Each structure stands twice: as C-alpha cells, then as structure tokens.
Amino acid sequence: MVIHIKDGEFIDEHGRVLNLRGINLGGSSKIPTNNNNSTNWLDAKTTTFVNRPFPISEAALHFTRIRASGFTIIRFIITWEAIEHEGPGIYDYEYIQYVRSILKVAKDHDIYVYIDPHQDVWSRWTGGDGAPLWTLEIVGFDVANFRECEAAITQQTYGQGHSTAEKKCKSFPKMIWPTNYFKLATATMFTLFWAGERFAPQFMVDDDNESSGKKVNIQTFLQKHYINAIAELLKHLNGLDNIVGIGTMNEPSAGYINVADLSQGYGQSGVSSGPGSKELKYGLAPTPFQGMCLGEGYKQIVGDWSNGIMQHILGKCDRLVSVDPKGKRAWKKSNNNPNGECIWRQAGVWQINPSTSQSELLLPHYFANVDFGTECYLPFAKEYANVMRSTWKSKTQELLMFVELPPLEFSSTPFPNIPPSKMPNAVNATHWYDGITLFTRTYRRHFSVNTTTHKPMFGSKNILNNHVSQLRDIKRLGDEKMQAPTLIGETGIPYDMVETTAMKLKRKLVGSVSIDFQDTSSLQLQAMNHTLCCLEKNMLAFTLWNYTSDNTSIEGDIWNGEDLSIYSDDHRCNLEKTDPYFIYDGLRAARAFVRPYAQCTAGEPVVNEFDLRFPTTAGSVKSKYLLIYIQNGGSTKSDVPTEVFVPKLWCLTKADMNISVSDGKFEVEEHDHWFIVKYWHYLTSMEHKLEIEHI
C-alpha cells in the first residue's frame, strides 16, 4: 500500500496511475462526545473526542461499508482542540491512542488514510470547530458576549442576536455558519495566526517554554502550538503504513488580510457587495470596522441579508438594523491584554474620538495589498511540512502534503506558486461544491447561478459544462502552480433537500419512498450523480464529504444543522446480515456514488466514466462504464493489469456484466462485496478500451 507522485499523477509501486476515491470521516468528528451544548460548552478541560468518528467496537462494520462503496482512502478528521483542549502544551493522549487504534482497523481493511487537521471559522466558540478555547482567551476575548456584540454566530447562542430572522425564529438557519469568516472573532484570530507580527506587533504573550519570562508575538505562539499538537499526534501514528499524508489546515481563512477598505466590507477587490464580492452575507453583516466597534460595545446600523436572489444576484441587503450591544463587550482583561481592549484599537487602526466620543476609523487600508498565499500561508506551510516530515519515520511511504488555501468563493488573492522545490510531494487538495445546491438545499437540473459572475444559467448542459470548467480550473492550479496532482478534498451534496409535493409523488410512483441505498429517482441521487460526472470528466481524485456514523434525520451530521452524510442510521431498511445488499443498508442515494471505476490504470487515462441511466415507471435502463487509456512505455503487453472496481450493488454476479475490450485479455476476480476486472492490454502505443455494461 504505497502512493507516490510522478509527473503530476498518483501512482502505485508498479507505476500504474491511481484514481483515488474516498470519503471524509466523519462529520461529527468536529465536536466532542460531551460538552457541546449551551450549558457546558465552556467546560473545555473535561472535553473528550474519544469515539469520534465511532467507537472501536463499531469500526469494522463501518470500514467494511466504506470499502464496499469503492472508497480506498479516507480523509480522517481531527481537530487541534481534540489534541490540546486542556491548555497550551497539554495533550490528550487517550484521544491520540484512540486515533491510532481506529486507523489500525482502517489498515486491516486496506484503506489509505490522510490526516485532516480540520477547522471551520476557527473554533466551536466562533461558530465552527478547530482551535481550543484557550486560543481565544489568551488574546482577551470574552466568548460569553460574542452574540450580543455580533462577534460570532453559533448554534448554542442563537436567539440572543439582533437580526430580524433571529428575533422571529429561534431555529438555527442552515448554512449561516460560514458568515463567521466575516465577523470580528474569526477574522481577528486568523489575522493574528497568519500575520500577527505584521499587523499586531504590540501583542506579545508569555512563551510557555521559557522560564526567563521571555515573550513572543501571538503569531509565533499560535503557530507553534498548532504545529506541535499535530506533530504529537503524527508521532504516535508511526508504524501505520496505510497513512499516506497529512493536510496543512482545512479551509484556512485570511481574516482581515488583504481587505481593501475596512469601512466597505471584506471585499479584497474593494467591492463590498454585489457581483465580484467575495463576502458571504447572510443575516447581519457588519463591515470590518463596524465589527470592531460592536466588539467594544458601540451601537451600529448594520445590513440584514437573506440567502436568496437579493444577495446572490442583486447584491443588496433586505433592510438595515440597529445593533446595540447594550454595554456588552467582546473583550475582557487578561494577562496578555491587561486593559481588555480591542487588539486593532491598540494597533491604531481605529479610536474613540476624544472630542465627539464617537468611533473613528484611522487606517481603513491597514490590511490591504498583502498576498496572503505567498506572504502568509506559504512560509507557514513550509515550516509545518518540515516538522511533519521530520516526525514521520516511514521508510516506504513519503508523507504527502495536502495543500489547501482559502475557499475560492471567499478569496481573491492569487494561488501561490508551490513547486516541488519548495514543498516536495505536495497535493492540491482544494475543495469544490455546487454552491447553489449546497446553500439552497435543492437541485435543479435546468437552472442554476454562476457563482463567479452571479448570472443565471439555463439548461442542464450549460450547468454541467460550467461545473466541469470550475473543476478543470482547480486541477489547472495543481498542474501550473504546484506541478502536483489534485485531489478534491471535499465535495458532496446536502441530503436534507427541500422537496415539493410533486417531487415526493414522482419518487413514490417509481417505488422510491425514502432516500435509502435502493433510491433510483430522488433529487439527491441526481445531484450526487451530477457531482460525480463533473469529477469524472476531469479524471479527478476526490474524498466526498462525508460519512457520519451517528447521522440522524433530525440532527443531520450533528454539527451546525448540516446533513451531507452519505450514511444515516435513520435511512436503514433493516436488512438481514445474510442479505447480499446488507452492507449498503443505511447509505443514501448510493447508486450515484457506489459505481464502477478504474482504481489503477496501466497507462494514461483518457476516459474513466460511468453513465448512470435513470429508470422510469416502464422499467429499468441499462447503465454503462467506459475506460479508455493510452499505453505508456514500449512493451508489447502490460506486466501488471489495469484494475476496475465493480460494486455488487451494480452487478451482483459475474453474469450481470457484459465486458468488452479492444485488445488483450481480462479476468474477473470476486470479493465479498465487489468484483475487480483485471485487464492486460496488448499492442504498442495504442489506445486501449474497456467497456462494461450491466445486463
């Protein structure tokens, strides 16, 4: 089980091109198994992430299901908080040992692993997950007052804010959590993490490794603890040869870095709203300066935005709302912030005018004209990679570095040049989602919105071409900027789609009442198939988001109301273990992603696509799989075969397959839950073709 990189491709020890397909494990790993409700979420010291993503006793069944779905690699979700929640330099070795035990079971099921140090909008207390609570406290934040000051929006404190929707409905809105990227707490923490030395040189903290009382800048302190915590976990995973790599950080944010004008919004191009904006506005959206003022308790008039046409096409807010923290402040006194004052006020970005007692912006362009990728991310990533590689002791598997920059939807800064000379064995792990489907929770084959131009798109072909083009552009970044392969680190669909009565009736007519593994007609099946087709047309490796073992219909993925898990216990048909389809039970719209594909190709792939035909009330329609590749090298036949995975969900027996090849020979190897079609081609420098049709 070895993965190498050569000529911008993943290859195995035999030189075959690998098409890595996998899953993120898991959605609920972002939160602890305790201490995550509104009454106890400030109790960070007794927090535990043991049994995320699932207990050891359940691991074999889940990994068997994952492998039976055709996934050969998992992006394993861990968080900084899970390792170092109790305090700086205090590691949770019970959790670390649990992770090793879980990944050992993955190894027993022949599943590759790459570790994903996950975060979303910095931490649980800023609306997401990732960093420990003490990182906020050390800079002087008072998390208890975030909601009143609109410094963060969280599921635990929703209902205490000022937006019109929040006053009317206490239910936490779907997909509102990313707006925290554009709020005081998250923006401040990321700015300090990446560029504290540049933008907050005055903010020094005690170096906990020094007895002399020496202080270091907050940037150095945060980066050191993050890197050391991840390295501590990796050190304890040595000897597991199924671990092939590690990510730098999930969807990092630039914070305020490169914001053009603090009074106009977060637009890095100077555009605060409308077409061209990189800011997500949903609910109250204070400008950076307004956020700073609110954090100090000063009343502001803020735009209130809905998640619809007004924002995505017209670029306008629905109304203006008066936000008054009423004496609450997002800051408090601490050892490192003795006055309990806004860090950016300390830095001279703004002040309270002594004559008028009004807030006054002094340096609106303070963070402008900084190339985040080159000046901030790359120096960190190089240091991170050096530490991880010095920690990893494998003699056979080079540690691949999975590189992520801020989500393309939220960033205007250029993707940096990261050639192998700067970071060897790197992988472009940029994420991609069909943004309109994700945020609106519905799928329309014939209508969408171009998220780049904000213009409507009509026709399924135009939408497909646009999404294929978006993914092609991501792959081009890997080719041109990194000379590295691309693996889409996250992609997927929301399963809690809004369905009309007509849609439900249509599914019922074709015998698909629930979104289970047998589903053949749902919007979820169509949307997932669309995503897979876009990936296949670019021959991209990917890890779907996500597999959550404790997903339920009510709580979804147990995090911020998301429901993207391909598995749900509530969608099981309760099949007997003797049923040939038992292993797929609980998967949702499985026929879209449990599909044939070439896992390894003895040549250069040109086509590696599955054509899923949707059945009608008149009966089923045959589906087809097609592989075309160009032979490499000068031999007259391949010494090792091309191997195509064929799930038993699609073909239960060998007799269900009609296989044809352009030349050479093939054989079918049967496993418990799938077949492997092995193909040895003949002839030199020719195009080779393998086709499988379901009979």
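**Aromatic pairs and helix contacts**

Tyr-629 is buried, as is Tyr-679. The model is predicted, and a search across the whole structure finds 43 aromatic pairs.

**Aromatic pair Tyr-114 and Phe-402**

- The rings of Tyr-114 and Phe-402 form a stacked pair, with a centre-to-centre distance of 3.6 Å and 5 degrees between the planes.
- Tyr-114 belongs to strand β6 (residues 112-118) and Phe-402 to strand β15 (residues 400-403), so this pair ties together parts that are 288 residues apart in sequence.
- Tyr-114 and Phe-402 are both buried.

**Aromatic pair Tyr-629 and Tyr-679**

- The ring centres of Tyr-629 and Tyr-679 are 6.2 Å apart and the planes stand at 75 degrees, so the pair is edge-to-face; the cut-off for that class is an angle over 60 degrees.
- The pair links distant parts of the chain, 50 residues apart: Tyr-629 is in strand β23 (residues 624-630) and Tyr-679 is in strand β27 (residues 674-680).

**Aromatic cluster**

- One aromatic cluster includes the tryptophans Trp-80, Trp-122, Trp-134 and Trp-194.
- Phe-190, Phe-193, Phe-221, Phe-372 and Phe-380 belong to this cluster, together with Tyr-226, Tyr-377 and Tyr-384.

**Contact of helices α1 and α3**

- The axes of α1 (residues 56-68) and α3 (residues 93-108) come within 9 Å and cross at roughly 30 degrees.
- Because angles under 35 degrees count as roughly parallel, α1 is roughly parallel to α3.
- The crossing of α1 and α3 is right-handed.
- On the α1 side the contact is made by Ile-56, Ala-59, Ala-60 and Phe-63, and on the α3 side by Tyr-98, Ser-101, Ile-102, Val-105 and Ala-106.
- The residues in the contact of α1 with α3 comprise eight nonpolar, one polar and no charged.

**Contact of helices α13 and α15**

- Helix α13 (residues 460-482) and helix α15 (residues 523-537) have axes that come within 9 Å and cross at roughly 50 degrees.
- That angle makes α13 oblique to α15.
- The α13 and α15 crossing is right-handed.
- From α13, Ile-463, Leu-464, His-467, Val-468 and Leu-471 meet His-530, Cys-534, Leu-535 and Lys-537 of α15.
- By class, the contact of α13 with α15 has six nonpolar residues, two polar and one charged.

Key:
Residues numbered from 1 in each chain as written. Predicted model: local features only at pLDDT ≥ 70, side-chain atom pairs only at ≥ 80, totals over all residues. Heavy atoms only, no water. Axes fitted to C-alpha atoms, helices over the stretch in contact; angles between N-to-C directions. Helix = DSSP H or I, 4+ residues; strand = E, 2+ residues; numbered from the N terminus. Parallel < 35°, antiparallel > 145°, perpendicular 65-115°, else oblique. Left-handed = near helix turned anticlockwise from the far one by under 90°. Contact = heavy atoms within 4.5 Å. Nonpolar A, V, L, I, M, F, W, Y, C, P; charged D, E, K, R; others polar. Phe/Tyr/Trp six-rings, centres within 6.5 Å; stacked < 30°, edge-to-face > 60°. Buried < 20%, exposed > 50% of the residue type's maximum accessible area, 1.4 Å probe, protein only.
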